[in-house]
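Hi there,

I am passing a structure on to you, and I hope you enjoy looking through it. Please have it open while you read the notes below.

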Amino acid sequence: MSYVCGTIAIVGRPNVGKSTLLNHLVGQKISITSRKAQTTRHRVTGIVTQPNAQFVFVDTPGFQTKHVNALNKTMNRSVVQSLAQTDVVLFVVEAMKFGEADRLLISLLPTTRPVLLVMNKIDREKDKGALLPFMDDVSKEFAFAALVPVSAKQGTQLDTLLEAIAPHLPKNPAMFGEDEITDRNERFLASEFVREKLFRLLGEELPYSTSVEIEKFEVVGKLRRIFASILVEKDNQKAIVIGEKGAKLKIIGTDARKDMEKLFGGPVYLELHVKVKSGWADDERTLKRLGYE
(Lines give C-alpha, C1' and ligand atoms only; values in the text may rest on other atoms or scores of the structure.)
Protein backbone atom coordinates (compact mmCIF):
# COMPACT_ATOMS: atom_id res chain seq x y z
CA MET A 1 0.00 0.00 0.00
CA SER A 2 1.09 3.56 -0.69
CA TYR A 3 1.83 5.65 2.38
CA VAL A 4 -0.68 8.41 3.09
CA CYS A 5 -0.26 11.49 5.25
CA GLY A 6 -2.39 14.57 5.62
CA THR A 7 -3.91 17.17 7.90
CA ILE A 8 -7.33 16.81 9.51
CA ALA A 9 -9.15 19.75 11.10
CA ILE A 10 -11.36 18.96 14.10
CA VAL A 11 -14.13 21.57 14.18
CA GLY A 12 -17.40 22.06 16.00
CA ARG A 13 -19.23 24.42 18.30
CA PRO A 14 -17.85 24.93 21.82
CA ASN A 15 -17.94 21.98 24.24
CA VAL A 16 -18.65 19.10 21.84
CA GLY A 17 -15.48 17.28 22.95
CA LYS A 18 -12.95 18.18 20.24
CA SER A 19 -9.95 18.33 22.58
CA THR A 20 -10.91 15.11 24.37
CA LEU A 21 -11.17 13.45 20.95
CA LEU A 22 -7.69 14.65 19.97
CA ASN A 23 -6.13 13.52 23.25
CA HIS A 24 -7.60 10.03 23.00
CA LEU A 25 -6.61 9.65 19.35
CA VAL A 26 -3.02 10.62 20.19
CA GLY A 27 -2.95 8.69 23.46
CA GLN A 28 -1.50 11.65 25.40
CA LYS A 29 -2.90 14.81 26.89
CA ILE A 30 -1.73 17.61 24.59
CA SER A 31 -4.92 19.68 24.31
CA ILE A 32 -6.47 21.01 27.50
CA THR A 33 -10.04 20.23 28.52
CA SER A 34 -12.65 21.31 31.02
CA ARG A 35 -16.41 21.23 31.36
CA LYS A 36 -16.55 24.91 30.43
CA ALA A 37 -17.09 25.87 26.81
CA GLN A 38 -14.32 27.61 24.87
CA THR A 39 -11.44 26.15 26.89
CA THR A 40 -9.38 25.71 23.71
CA ARG A 41 -8.04 29.00 22.33
CA HIS A 42 -5.20 27.86 20.07
CA ARG A 43 -4.85 25.44 17.21
CA VAL A 44 -3.12 22.37 18.65
CA THR A 45 -1.67 19.66 16.42
CA GLY A 46 -1.79 16.00 17.42
CA ILE A 47 0.01 13.31 15.43
CA VAL A 48 -1.01 9.67 15.05
CA THR A 49 1.40 7.44 13.12
CA GLN A 50 0.53 3.99 11.80
CA PRO A 51 2.50 1.63 9.51
CA ASN A 52 0.80 2.92 6.35
CA ALA A 53 -0.49 6.34 7.39
CA GLN A 54 0.20 9.44 9.44
CA PHE A 55 -2.74 11.51 10.66
CA VAL A 56 -1.95 15.13 11.56
CA PHE A 57 -4.96 16.38 13.52
CA VAL A 58 -5.56 20.08 14.13
CA ASP A 59 -7.73 20.81 17.17
CA THR A 60 -9.43 24.19 16.76
CA PRO A 61 -11.25 26.50 19.18
CA GLY A 62 -15.01 26.15 19.30
CA PHE A 63 -16.54 28.60 16.81
CA GLN A 64 -17.86 31.52 18.84
CA THR A 65 -21.02 33.42 17.89
CA LYS A 66 -21.81 35.32 21.10
CA HIS A 67 -18.70 37.34 21.98
CA VAL A 68 -16.90 39.73 19.65
CA ASN A 69 -13.71 40.84 21.40
CA ALA A 70 -10.35 40.62 19.64
CA LEU A 71 -9.55 37.28 21.27
CA ASN A 72 -12.72 35.59 20.00
CA LYS A 73 -12.29 37.11 16.54
CA THR A 74 -8.77 35.65 16.47
CA MET A 75 -10.06 32.24 17.56
CA ASN A 76 -12.79 32.25 14.90
CA ARG A 77 -10.21 33.22 12.29
CA SER A 78 -8.16 30.20 13.39
CA VAL A 79 -11.15 27.93 12.72
CA VAL A 80 -11.76 29.39 9.26
CA GLN A 81 -8.06 29.06 8.35
CA SER A 82 -8.03 25.42 9.44
CA LEU A 83 -11.07 24.71 7.28
CA ALA A 84 -9.28 26.25 4.30
CA GLN A 85 -5.86 24.68 4.79
CA THR A 86 -6.39 21.04 5.82
CA ASP A 87 -6.94 17.95 3.67
CA VAL A 88 -9.89 16.54 5.63
CA VAL A 89 -12.39 18.02 8.08
CA LEU A 90 -14.04 16.31 11.03
CA PHE A 91 -17.27 18.09 11.94
CA VAL A 92 -18.00 17.07 15.54
CA VAL A 93 -21.48 17.26 17.02
CA GLU A 94 -22.78 16.13 20.39
CA ALA A 95 -25.15 13.16 20.31
CA MET A 96 -28.81 14.24 20.35
CA LYS A 97 -27.91 17.95 20.37
CA PHE A 98 -27.93 19.99 17.19
CA GLY A 99 -28.81 23.67 17.04
CA GLU A 100 -28.18 26.98 15.34
CA ALA A 101 -24.53 27.16 16.45
CA ASP A 102 -23.88 23.81 14.72
CA ARG A 103 -25.84 24.91 11.66
CA LEU A 104 -23.85 28.13 11.38
CA LEU A 105 -20.59 26.21 11.35
CA ILE A 106 -21.96 23.85 8.69
CA SER A 107 -22.36 26.90 6.45
CA LEU A 108 -18.57 27.39 6.68
CA LEU A 109 -17.62 23.80 5.81
CA PRO A 110 -15.64 23.37 2.58
CA THR A 111 -17.30 21.68 -0.39
CA THR A 112 -14.01 20.91 -2.16
CA ARG A 113 -12.61 18.55 0.48
CA PRO A 114 -14.04 15.56 2.35
CA VAL A 115 -15.92 16.36 5.56
CA LEU A 116 -16.73 13.54 7.99
CA LEU A 117 -19.57 13.83 10.49
CA VAL A 118 -18.45 12.66 13.94
CA MET A 119 -21.19 12.19 16.52
CA ASN A 120 -19.50 12.32 19.94
CA LYS A 121 -20.64 11.45 23.48
CA ILE A 122 -22.71 8.45 22.42
CA ASP A 123 -22.02 6.95 25.85
CA ARG A 124 -24.29 9.57 27.43
CA GLU A 125 -27.38 8.52 25.48
CA LYS A 126 -29.38 5.77 27.16
CA ASP A 127 -31.67 5.22 24.18
CA LYS A 128 -29.13 3.90 21.67
CA GLY A 129 -31.91 3.40 19.15
CA ALA A 130 -32.28 7.17 18.84
CA LEU A 131 -28.68 7.75 17.77
CA LEU A 132 -28.93 6.60 14.16
CA PRO A 133 -32.10 8.60 13.34
CA PHE A 134 -30.44 11.67 14.89
CA MET A 135 -27.29 11.13 12.84
CA ASP A 136 -29.38 10.62 9.72
CA ASP A 137 -31.16 13.93 10.32
CA VAL A 138 -27.86 15.81 10.75
CA SER A 139 -26.43 14.15 7.63
CA LYS A 140 -29.16 15.83 5.56
CA GLU A 141 -27.62 19.22 6.39
CA PHE A 142 -24.45 18.58 4.34
CA ALA A 143 -22.89 16.10 1.90
CA PHE A 144 -20.68 14.30 4.43
CA ALA A 145 -18.11 11.80 3.15
CA ALA A 146 -18.74 9.46 6.10
CA LEU A 147 -20.68 9.27 9.36
CA VAL A 148 -18.97 7.93 12.48
CA PRO A 149 -20.47 7.72 16.00
CA VAL A 150 -17.84 7.79 18.78
CA SER A 151 -17.26 8.28 22.47
CA ALA A 152 -14.01 10.22 22.74
CA LYS A 153 -14.01 9.93 26.52
CA GLN A 154 -14.29 6.13 26.49
CA GLY A 155 -12.26 5.62 23.31
CA THR A 156 -15.18 3.94 21.53
CA GLN A 157 -15.02 3.69 17.72
CA LEU A 158 -11.79 5.69 17.40
CA ASP A 159 -10.14 2.97 15.31
CA THR A 160 -13.19 3.05 13.06
CA LEU A 161 -12.79 6.82 12.75
CA LEU A 162 -9.15 6.48 11.67
CA GLU A 163 -10.18 3.84 9.13
CA ALA A 164 -12.80 6.24 7.74
CA ILE A 165 -10.30 9.09 7.44
CA ALA A 166 -7.40 7.18 5.82
CA PRO A 167 -8.91 6.78 2.29
CA HIS A 168 -9.26 10.56 2.04
CA LEU A 169 -5.64 11.40 2.88
CA PRO A 170 -3.21 12.22 0.05
CA LYS A 171 -0.31 9.96 -0.85
CA ASN A 172 2.55 11.64 0.97
CA PRO A 173 5.53 10.62 3.10
CA ALA A 174 5.25 11.22 6.84
CA MET A 175 5.52 14.85 7.93
CA PHE A 176 6.77 13.98 11.43
CA GLY A 177 8.86 11.33 13.14
CA GLU A 178 7.00 8.25 14.31
CA ASP A 179 7.55 9.14 17.99
CA GLU A 180 6.29 12.73 17.69
CA ILE A 181 2.81 13.47 19.04
CA THR A 182 2.57 17.26 18.56
CA ASP A 183 4.34 20.14 16.86
CA ARG A 184 3.84 22.39 19.89
CA ASN A 185 6.85 23.01 22.13
CA GLU A 186 7.06 22.45 25.87
CA ARG A 187 6.84 26.16 26.62
CA PHE A 188 3.43 26.34 24.93
CA LEU A 189 2.21 23.15 26.59
CA ALA A 190 3.27 24.44 30.01
CA SER A 191 1.22 27.62 29.58
CA GLU A 192 -1.79 25.58 28.47
CA PHE A 193 -1.63 23.25 31.47
CA VAL A 194 -1.71 26.25 33.81
CA ARG A 195 -4.62 27.76 31.88
CA GLU A 196 -6.53 24.48 32.08
CA LYS A 197 -6.36 24.61 35.89
CA LEU A 198 -7.80 28.13 35.82
CA PHE A 199 -10.79 26.79 33.90
CA ARG A 200 -11.19 23.80 36.17
CA LEU A 201 -10.60 25.40 39.57
CA LEU A 202 -12.10 28.89 39.26
CA GLY A 203 -15.72 30.04 38.92
CA GLU A 204 -17.81 30.00 35.77
CA GLU A 205 -16.86 33.41 34.33
CA LEU A 206 -13.42 34.24 35.73
CA PRO A 207 -11.35 31.86 33.54
CA TYR A 208 -12.49 33.73 30.42
CA SER A 209 -10.80 36.87 31.79
CA THR A 210 -7.47 35.11 32.31
CA SER A 211 -4.51 34.04 30.23
CA VAL A 212 -1.02 32.68 30.94
CA GLU A 213 2.37 33.97 29.84
CA ILE A 214 5.59 32.00 30.30
CA GLU A 215 8.22 34.48 31.49
CA LYS A 216 11.13 32.01 31.63
CA PHE A 217 11.57 28.34 30.68
CA GLU A 218 14.90 26.76 31.60
CA VAL A 219 16.12 23.18 31.30
CA VAL A 220 18.80 22.22 33.82
CA GLY A 221 19.69 18.57 33.33
CA LYS A 222 16.38 16.74 33.67
CA LEU A 223 14.79 19.57 35.64
CA ARG A 224 12.57 22.14 33.94
CA ARG A 225 12.35 25.51 35.74
CA ILE A 226 9.25 27.40 34.63
CA PHE A 227 8.24 30.91 35.67
CA ALA A 228 4.77 31.97 34.53
CA SER A 229 2.39 34.91 34.96
CA ILE A 230 -1.38 34.59 35.10
CA LEU A 231 -2.99 37.65 33.52
CA VAL A 232 -6.31 38.95 34.87
CA GLU A 233 -8.42 42.00 34.06
CA LYS A 234 -9.08 43.42 37.56
CA ASP A 235 -7.57 43.63 41.05
CA ASN A 236 -10.44 41.67 42.63
CA GLN A 237 -9.83 38.86 40.11
CA LYS A 238 -6.20 38.73 41.20
CA ALA A 239 -7.30 38.18 44.79
CA ILE A 240 -9.63 35.34 43.75
CA VAL A 241 -6.91 33.56 41.75
CA ILE A 242 -4.45 33.82 44.63
CA GLY A 243 -7.01 32.78 47.25
CA GLU A 244 -6.76 33.07 51.01
CA LYS A 245 -3.09 32.96 52.03
CA GLY A 246 -2.21 31.85 48.49
CA ALA A 247 -4.17 28.57 48.78
CA LYS A 248 -5.90 28.68 45.37
CA LEU A 249 -2.74 29.63 43.48
CA LYS A 250 -0.88 26.79 45.20
CA ILE A 251 -3.49 24.24 44.05
CA ILE A 252 -3.38 25.61 40.48
CA GLY A 253 0.41 25.34 40.45
CA THR A 254 0.55 21.87 41.98
CA ASP A 255 -2.02 20.39 39.59
CA ALA A 256 -0.39 22.00 36.54
CA ARG A 257 3.08 20.84 37.60
CA LYS A 258 1.91 17.21 37.92
CA ASP A 259 0.53 17.28 34.36
CA MET A 260 3.78 18.77 33.06
CA GLU A 261 5.91 16.15 34.80
CA LYS A 262 3.78 13.37 33.34
CA LEU A 263 4.06 14.68 29.76
CA PHE A 264 7.67 15.92 29.93
CA GLY A 265 8.93 12.83 31.72
CA GLY A 266 10.94 14.65 34.37
CA PRO A 267 10.78 16.96 37.42
CA VAL A 268 9.35 20.47 37.07
CA TYR A 269 9.83 23.54 39.25
CA LEU A 270 6.89 25.87 38.60
CA GLU A 271 6.58 29.39 39.97
CA LEU A 272 3.37 31.35 39.34
CA HIS A 273 2.58 35.04 39.74
CA VAL A 274 -0.67 36.92 39.06
CA LYS A 275 -0.62 40.21 37.13
CA VAL A 276 -3.41 42.67 36.41
CA LYS A 277 -3.52 43.72 32.74
CA SER A 278 -6.81 45.41 31.96
CA GLY A 279 -8.12 44.85 28.44
CA TRP A 280 -5.61 42.18 27.46
CA ALA A 281 -8.25 40.24 25.45
CA ASP A 282 -8.82 43.26 23.19
CA ASP A 283 -5.14 44.21 22.84
CA GLU A 284 -3.79 42.89 19.53
CA ARG A 285 -0.18 43.33 20.65
CA THR A 286 -0.70 41.35 23.85
CA LEU A 287 -2.59 38.62 21.99
CA LYS A 288 0.29 38.26 19.53
CA ARG A 289 2.80 38.06 22.39
CA LEU A 290 0.69 35.34 24.01
CA GLY A 291 0.79 33.30 20.79
CA TYR A 292 -2.73 33.82 19.48
CA GLU A 293 -2.65 33.41 15.72
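Here is what turned up, starting with the core and ending with the aromatic rings.

This is a predicted model, in which local features need pLDDT of at least 70, side-chain atom pairs count only at pLDDT 80 or more, and totals for chains, interfaces and linings use all residues. Residues are numbered from 1 along each chain as its sequence is written, and side-chain values use heavy atoms, with hydrogens and water left out.

The largest nonpolar core has 55 residues, and F57, I230, V241 and M260 have the most contacts inside it. Such a core is a set of buried Ala, Val, Leu, Ile, Met, Phe, Trp, Tyr and Cys residues joined through side-chain atoms within 4.5 Å; buried means under 20% relative accessible area, exposed over 50%, and partly exposed in between (1.4 Å probe, protein chains only). Another core, of 19 residues, lies apart from it and includes A95, L109, I122 and M135.

There are five aromatic pairs in the structure. Rings of Phe, Tyr and Trp (its six-membered ring) pair if their centres lie within 6.5 Å; planes under 30 degrees apart count as stacked, over 60 as edge-to-face and the rest as tilted. F55 and F57 make a stacked pair, 6.1 Å centre to centre with 10° between the planes, and both residues are buried. F142 and F144 make a tilted pair, at 5.2 Å and 55°, and together with F91 they form one aromatic cluster. F142 counts as buried because its relative accessible area is 16%.

Best wishes
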